Amino acid sequence: MSIPTRRFGRTEIQIPILSLGGMRFQKSWKELDETEITFSEQNEFNNLINSAIGYGFQHVETARHYGTSELQLGNAIRNMETPFQIIQTKIPPNNDVKIFEEELKTSFEKLGVKKIDLLSLHGINTEEHLKQSLRENGCVDILKKWQRDNLIGNIGFSTHGKSSLIQKAIRSNKFDYVNLHWYFINQNNSIAIQSAKKYDLGVFIISPTDKGGHLYSPSEKLLNLCKPLHPIVFNDLFCLANQNVHTISVGVAKESDFDHHLDAVALLS
């Protein structure tokens with residue numbers, strides 16, 4: 001199956017409109033040693049990853065602090081016949097850049113890759129986070145150094161912050177893309193998406209199914225309001241109808257979690 005792509009802003013990456021989100025597919029939210037993950041648990045994980053590849057997912061995103069997600073993804077990548085074309089992880093900003101850089105090294109070790117295509121500062125939610133990121137010799141400068149060494153492709157940020165803060169981060173012109181919340185039930189970041197377009201940033205919508213209204217467990221009222229579409233399909237189509245949105249996250253924990261999102265792609269035209 002082929003998933004349509006869009007130009008991911010100034011990264012110039014042709015990114016599939018569905019991205020595989022790695023927040024729900026790991027064994028544990030706690031950091032575990034590899035020996036604590038059984039063969040069957042890792043095999044189940046691998047099967048989910050291989051299904052994603054089969055459906056046409058080429059972009060996977062995870063985070064340093066998604067428990068065992070990076071570790072298990074790294075194990076899966078080493079055994080994949082067809083690898084993901086685009087790998088993204090996220091690391092929170094830190095006032096101590098030595099700690100930040102150690103976290104960066106750990107992500108590379110867990111994922112077992114030579115290059116991370118998209119590296120996000122994870123959770124620029126406050127002015128302090130933004131300051132830690134943008135100050136001289138701060139987190140962005142560390143990432144720029146790794147970028148010059150061709151270890152990192154493009155630099156972005158994820159956020160749960162206020163729209164005004166997101167716009168401020170975009171206007172800094174230090175980032176190539178942004179991961180943010182924007183759905184049918186919460187359009188507060190519409191102006192931030194417009195700012196991203198102005199600065200030619202890639203726009204990645206995070207958690208459309210969960211934060212977009214717990215659409216995996218809709219009420220009867222919501223099901224009736226969205227008929228003949230499932231609420232997940234309705235929301236995906238709403239997000240993707242905006243051409244300034246380039247990709248949306250599909251957070252999966254089991255095989256059937258792909259279904260409604262693939263239905264949305266089939267209906268997009």
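The legends below describe close-up views of a predicted model.

Local features are described at pLDDT of at least 70 and side-chain atom pairs at pLDDT 80 or more, whereas totals for chains, interfaces and linings use all residues. Residues are numbered from 1 along each chain as its sequence is written, and side-chain values use heavy atoms, without hydrogens and water.

**View 1. Packing of helix α3 against helix α5.**
Helix α3 covers residues 97–111 and helix α5 covers residues 139–148. Helices (H or I, at least four residues) and strands (E, at least two) are DSSP runs, numbered from the N terminus. The two helices pack at an angle of about 40°, and their axes are 10 Å apart. Axes are lines fitted to C-alpha atoms, for helices over the stretch in contact, with angles from 0 to 180 degrees between N-to-C directions. α3 and α5 are therefore oblique to each other; angles under 35 degrees count as roughly parallel, over 145 as roughly antiparallel, 65 to 115 as roughly perpendicular, and the rest as oblique. The crossing of α3 and α5 is right-handed, meaning that the near helix is turned clockwise from the far one by less than a right angle.

**View 2. Residues in the contact of α3 with α5.**
On the α3 side the contact is made by V97, F100, E101, L104, K105 and F108. These meet C139, I142, L143, K145 and W146 in α5. The residues of this contact divide into 8 nonpolar, no polar and 3 charged. Contact means heavy atoms within 4.5 Å. Ala, Val, Leu, Ile, Met, Phe, Trp, Tyr, Cys and Pro count as nonpolar, Asp, Glu, Lys and Arg as charged, and the others, Gly among them, as polar.

**View 3. Salt bridge between E101 and K145.**
The closest N and O atoms of E101 and K145 are 3.0 Å apart, and the two residues form a salt bridge. A salt bridge is a side-chain nitrogen of Lys or Arg within 4 Å of a carboxyl oxygen of Asp or Glu. E101 lies in helix α3 and K145 in helix α5, so the pair ties together parts that are 44 residues apart in sequence. E101 is buried, at 15% relative accessible area, whereas K145 is partly exposed, at 34%. Buried means under 20% relative accessible area, exposed over 50%, and partly exposed in between (1.4 Å probe, protein chains only).

**View 4. Salt bridge between K105 and E102 within helix α3.**
The side chains of K105 and E102 meet in a salt bridge, at 3.4 Å from N to O. Both residues lie in helix α3, 3 residues apart, about one turn of the helix. K105 is partly exposed at 35% relative accessibility, and E102 is partly exposed at 45%.

R64 and E103 meet through their side chains in a salt bridge of 3.9 Å, N to O. R64 lies in the loop between β4 (59–61) and α2 (69–78) and E103 in helix α3, so this pair ties together parts that are 39 residues apart in sequence. R64 is buried, with a relative accessible area of 4%. E103 is also buried, at 19%. A network of salt bridges links E31, R64, E70, E103 and K110. The count for the model comes to 14 salt bridges.

K227 and P228 are joined by a cis peptide bond with omega of about 10°. P228 is placed in the loop between α8 (220–226) and α9 (231–240). N173, in the loop between α6 (163–171) and β8 (177–180), is not a glycine but has a positive phi, near 60°. N173 is partly exposed at 41% relative accessibility. D200 has a positive phi of about 60°, although it is not a glycine. D200 lies in the loop between α7 (190–198) and β9 (202–205) and is partly exposed at 27%.

N95 lies in the loop between β5 (86–91) and α3 and is partly exposed, with a relative accessible area of 46%. Not counting residues up to four places away in sequence, N95 touches E128, Q132 and R135. N95 and N50 are 45 residues apart in sequence and 38 Å apart in space, C-alpha to C-alpha. K197, in helix α7, is exposed at 51% relative accessibility. K197 and G9 are 188 residues apart in sequence and 7.7 Å apart in space, C-alpha to C-alpha.
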